[in-house]
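Thanks for coming, everyone. I'll walk through one model today, a piece at a time. Here it is.

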Amino acid sequence: MMTLSEFMSEWNSPADRLLVHTSGSTGTPKPLWVEKRRMEASARTTCRFLGLRPGDTALLCMPLDYIAGKMMVVRALTCGLRLIAVPPTGHPLATVDDDVAFAAMVPMQVYNSLRVPEERRRLMAVRHLIIGGGAVSGSMEAELRTFPGAVWSTYGMTETLSHVALRRISGSGADEWYTPFDGVDVGVNADGCLVIDAPEVCATRLVTNDIAEIAPDGRRFRIIGRRDNVICSGGVKLQIEEIEAALRPLLSHDFIITKRPDSKFGEAVVLLTTDTDTEGVMAQCAEALPPYWRPKVVAHVSAVPLTPTGKPARAEAMHMASEL
């Protein structure tokens, strides 16, 4: 795992680019060279959008091996924030006594913090909390909605040098649509996938694999799911994220929806869960889901596969399902 001093050595080197890696949620992480000047532009845009000022405290609690961690440091360097660095654990606020103006976390870190009274109090005191690296569940949104500070869900990827749009979760400004930053334009292509034009951070237009809907105002958007997370079962296209969202309030154990080849249906829906009562899970699915959405197989696993950044490891889950 990269240390802060190692990253600072890279940042202060004469090279105008840094090597980063994608998260690997759909396969092996890919290397990507990014320009430092574009990272600085991204940092300024975020700080401007959130109204952060020099001297504000920023918390670094994510690994520096990936873009989310690197960009927290770059924001501090570029915009004069006071950086507090803690190990990237599941309880980032356990030892933090300072007032934090700005923090970035993955959903798992937020979930854990909400369940420890002192950490929850510290989380509520964060002026701007951005959450990325995975979907924010409906139950978590409900918990965060009454927070006094601004809580945001982020949209972005390594190629866009972290986020290019934010969606407010807390307060009266809570919204189901993501708002792109100034200078960022979005649209959808013929396949319904989001297309991003963000020249300050990405030299070319980026066609994503995220199926999206554009708001009536022509600017904001929301994500339906990933194009490569579609299951074609019996001639019907099913979106993995929609099935997971329907089951998330009902299932108490960790789970993931995936697929495997099927001689009758082409592809079959598979649910992997840490719950040992697979028959009970199958019964819950039968009661809660439309017929086409119901898993053909429910299997127990010791742990749901995740990437190092906490995202669902879709490729690994598919491989596990193929071996059932």
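Let me begin with a lining. The residues around the second largest pocket split into 8 nonpolar, 1 polar and 4 charged. Keep in mind that this is a predicted model.

How many residues line that pocket? The lining has 13, and nearest the centre are Trp-33, Glu-159, Val-201, Cys-202 and Ala-203. The volume of the second largest pocket is about 190 Å³. Which strand gives the most to the lining? Strand 2, residues 31–35, with 4 residues.

Strand 6 covers residues 128–131, and strand 7 covers residues 150–157. Parallel or antiparallel? They pair in the parallel sense, over 4 bridges.

A word on side chains. In a regular strand they alternate between the two faces of the sheet.

Next, a helix pair. Two packed helices are described by the angle between their axes and the distance between the axes. Take helix 4, residues 107–114, and helix 5, residues 117–124. Their axes come within 7 Å and cross at roughly 120°. Helix 4 and helix 5 are therefore oblique to each other. What makes the contact? From helix 4, Val-110, Asn-112, Ser-113 and Leu-114; from helix 5, Glu-119, Arg-120 and Leu-123. By type, the residues of this contact are 3 nonpolar, 2 polar and 2 charged.

Last stop, a hairpin. Strand 10 (residues 185–188) and strand 11 (residues 193–197) form it, with 4 residues between them. Here the pairing is antiparallel, over 4 bridges. Asp-185 has Asp-197 as its bridge partner in strand 11. Which residue in the turn has a positive phi? Gly-192, with a phi of about 80°.

That's the tour. Over to you for discussion.

Terms used:
Residues are numbered from 1 along each chain as its sequence is written. This is a predicted model: local features need pLDDT of at least 70, side-chain atom pairs count only at pLDDT 80 or more; totals for chains, interfaces and linings use all residues. Side-chain values use heavy atoms; hydrogens and water are left out. Two strands pair if DSSP finds at least two bridges between them. Helices (H or I, at least four residues) and strands (E, at least two) are DSSP runs, numbered from the N terminus. On a 1 Å grid over the protein atoms alone, a cavity is a set of points where a 1.4 Å probe fits but cannot get out, and a pocket is an open set with protein on both sides within 12 Å along at least five of seven lines; lining residues have an atom within 4 Å of a point. Grid points are joined across faces, edges and corners, and a volume is the space filled by probe spheres set on the points. Ala, Val, Leu, Ile, Met, Phe, Trp, Tyr, Cys and Pro count as nonpolar, Asp, Glu, Lys and Arg as charged, and the others, Gly among them, as polar. Axes are lines fitted to C-alpha atoms, for helices over the stretch in contact, and angles run from 0 to 180 degrees between N-to-C directions. Angles under 35 degrees count as roughly parallel, over 145 as roughly antiparallel, 65 to 115 as roughly perpendicular and the rest as oblique. Contact means heavy atoms within 4.5 Å.
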